[in-house]
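Hello,

Here is the structure I said I would pass on to you. Please have a look at it first, and then read my notes below.

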Amino acid sequence: MSDWSRYYLNIAQEVAKNSKCFSRHVGAVLVRNNTIIASGYNGPAKGIRTCAEWKKVEGWPIDNLELICPRRQEGYKSGEGLNICPAVHGERNTLLSAAINGIATKDSTLYAYCGVPCKDCCSELINAGVSKIVCLKMKEDYDSYGRLYLKEAKVELVEVECKEK
């Protein structure tokens, strides 16, 4: 791994620490011409409460407030029940951060402190013109399509060996 890749992945790891998610902490930085153009982490959209804050809302449809994460409460495994999760993926939040600031993402590199992004994030990264993704090498992928989509779209994928997250 190059010194620059290590540098940007370390920054993505720091960005991930901002996540309030009880399941995963994902951070990402988008780089073009060796300059960070955007960053993001997984969490609810601006103005939307975190899971910890939702439990205080009257009418919240989850009975057992001991389990704060709605997906955990319902017994979903990682990657399942995303329709009730208030979080936006870190990769997507990074693209949205660039968009809201009017920053072009074409020919950029995403450094993600996670494994291969899910198929939805990969689709968005592809359509945003990201040409390379550097992420952590994990034992299993989040879903089975992200890697396939990147290969089909000819987006370079670099997986970095590290301790399992």
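A residue is called buried here when its relative accessible area is under 20%. By that cut-off, buried residues make up 35% of the 165 residues in the protein chain. Please keep in mind that this is a predicted model.

Let me begin with the overall layout. The protein chain has six helices and seven strands, and along the sequence they come in the pattern α-β-β-β-α-α-β-α-β-α-β-α-β. Among contacts in the protein chain with a separation of 6 or more, 61% are between residues 24 or more positions apart.

Now to the helix that opens this pattern. Helix α1 takes in residues 3-16, and at 1.5 Å a residue its 14 residues should span 20 Å; the C-alpha atoms at its ends are 20 Å apart, so the two values agree. Which residues of α1 are buried? They are S5, Y8, L9, A12, V15 and A16. Because these residues cover an arc of only 110° around the axis, they lie on the same side of α1. As for what covers the buried residues of α1, the list includes the strands β1 (27-32), β2 (35-41), β5 (109-112), β6 (132-136) and β7 (156-160).

Helix α4 (residues 90-100) packs against helix α5 (residues 119-127) at an angle of about 25°, and their axes are 9 Å apart. That angle is under 35 degrees, which means α4 is roughly parallel to α5. Their crossing is left-handed. Where the two helices meet, α4 contributes E91, R92 and L95, while α5 contributes D120, C121, E124 and L125.

Finally, two loop residues with backbone angles to check. Most residues other than glycine have a negative phi. N34, although not a glycine, has a positive phi of about 60°. N34 sits in the loop between β1 and β2, and it counts as partly exposed because its relative accessibility is 40%, which falls between the 20% and 50% cut-offs. D107 is not a glycine either, and has a positive phi of about 60°; its place is in the loop between α4 and β5.

Best wishes

How values were computed: Residues numbered from 1 in each chain as written. Predicted model: local features only at pLDDT ≥ 70, side-chain atom pairs only at ≥ 80, totals over all residues. Heavy atoms only, no water. Helix = DSSP H or I, 4+ residues; strand = E, 2+ residues; numbered from the N terminus. Expected span 1.5 Å × (residues − 1). Buried < 20%, exposed > 50% of the residue type's maximum accessible area, 1.4 Å probe, protein only. Arc of directions from axis to C-beta. Contact = heavy atoms within 4.5 Å. Axes fitted to C-alpha atoms, helices over the stretch in contact; angles between N-to-C directions. Parallel < 35°, antiparallel > 145°, perpendicular 65-115°, else oblique. Left-handed = near helix turned anticlockwise from the far one by under 90°.
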